[in-house]
Amino acid sequence: LPFQKAGIAYMVERKRVLVADEMGLGKTIQGIGLINLLLELGSILIICPASLKLNWQGELKRWLTRKLSVGISNGDLPDTGIVVINYDILKKHIDQILSRKWNLIIADEAHYVKNPKAQRTQLVAKIVEANPDARFIPMTGTPIVNRPIELFSLLRMLDPQTYHDSSFFGYAKRYCDAHQIWTGRKMVWDFSGSSNLEALQEKLRTSYMV
């Protein structure tokens, strides 16, 4: 469809893109379209929930036009051009994953990595960091921008030079309505709100998000 072609064109122009089309609009096909278009992509890691591994396998079989081998990681890490693995077993295979150079990393249902303290978030961040020249395409149809704090982990992976530890408070104050509250014992920061959402939306759409 035209909007999917536009999404692929947007990804071609940028190495790191958040694909945020709503559920059911074919984000998977856009990712495969990028693989079909860019012949230099020969080592591809697709990370997704376990329930979507077979969906990725089926969509690759249907839409992939290049002669790339496809492996689904279950008990081991396949030695294939495209590897599909679920978040839950990343830790088991992390050494193998880090020992390989990836051209493209896709994180499907990327709201799975919204919590910076979660192990899977840290593992995905480590993989992205270990492949600075790779394209990184997180995908999510969940409107996480309603709580902008949940975007920060992804933004750190999309643009680590802009979003890092020392920039967190600036981001939180501008977009998360960060303020201190009294808990009955002490003052703590509350980052659960939102503010300046139109400015955040414009910033994302002109730099990282389709």
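Contact here means heavy atoms within 4.5 Å. Keep that in mind for the packing.

A word on the source. This is a predicted model, where local features need pLDDT of at least 70, side-chain atom pairs count only at pLDDT 80 or more, and totals for chains, interfaces and linings use all residues. Residues are numbered from 1 along each chain as its sequence is written, and side-chain values use heavy atoms, with hydrogens and water left out.

First, the overall chain. The secondary structure comes to eight helices and seven strands; these are DSSP runs, H or I of at least four residues for helices and E of at least two for strands, numbered from the N terminus. The radius of gyration is 18 Å, close to the 17 Å from the globule rule for 210 residues, so the chain is as compact as a globular protein of that length. That radius is taken over C-alpha atoms, and the rule is 2.2 Å times the number of residues to the power 0.38. Along the principal axes, the C-alpha atoms fill a box of roughly 60 × 40 × 30 Å.

Of the 210 residues, 50% count as buried, meaning under 20% relative accessible area, with exposed over 50% and partly exposed in between (1.4 Å probe, protein chains only). Take the contacts between residues at least 6 apart in sequence: 63% of them join residues at least 24 apart.

Now the inside. A nonpolar core is a set of buried Ala, Val, Leu, Ile, Met, Phe, Trp, Tyr and Cys residues joined through side-chain atoms within 4.5 Å. The largest one has 40 residues, and Ile47, Leu90 and Tyr171 touch the most other members. Elements giving two or more residues to this core include β1 (44-48), β3 (82-86), α4 (90-99) and α7 (168-175). The most comes from α6, with five residues. Ile47 touches, among others, Ile85, Leu90, Ile105, Val124 and Ile127, not counting residues up to four places away in sequence. There is also a second, separate core of 25 residues, which includes Leu34, Ile46, Leu52 and Ile82.

Next, helix α2. Nine of the eleven residues in α2 (residues 27-37) are buried, so the helix is largely enclosed by the rest of the structure. What is over them? The cover of the buried residues of α2 includes α1 (2-13), β1, α3 (53-63), β3, β4 and β5 (135-138). Among the buried residues are Lys27, Gln30 and Asn36, along with Ile32, Leu34 and Ile35.

Val19 lies in the loop between α1 and α2. Its relative accessibility is 0%, so Val19 counts as buried. Apart from neighbours within four places in sequence, Val19 is in contact with Met11, Lys27, Gln30, Ile137, Pro138, Met139, Thr140 and Val210. Val19 and Ile106 are 87 residues apart in sequence, yet 10 Å apart in space, C-alpha to C-alpha.

Ala9, in helix α1, is partly exposed at a relative accessible area of 37%. Ala9 and Gln30 are 21 residues apart in sequence and 9.5 Å apart in space, C-alpha to C-alpha.

Last, backbone angles. Which phi does Glu109 have? Glu109 is not a glycine, but has a positive phi of about 50 degrees. Glu109 sits in the loop between β4 and α5 and is partly exposed, at 23%. Asp177, also a residue other than glycine, has a positive phi near 50 degrees. Asp177 is in the loop between α7 and β6 (179-182), and with 38% relative accessibility Asp177 counts as partly exposed.
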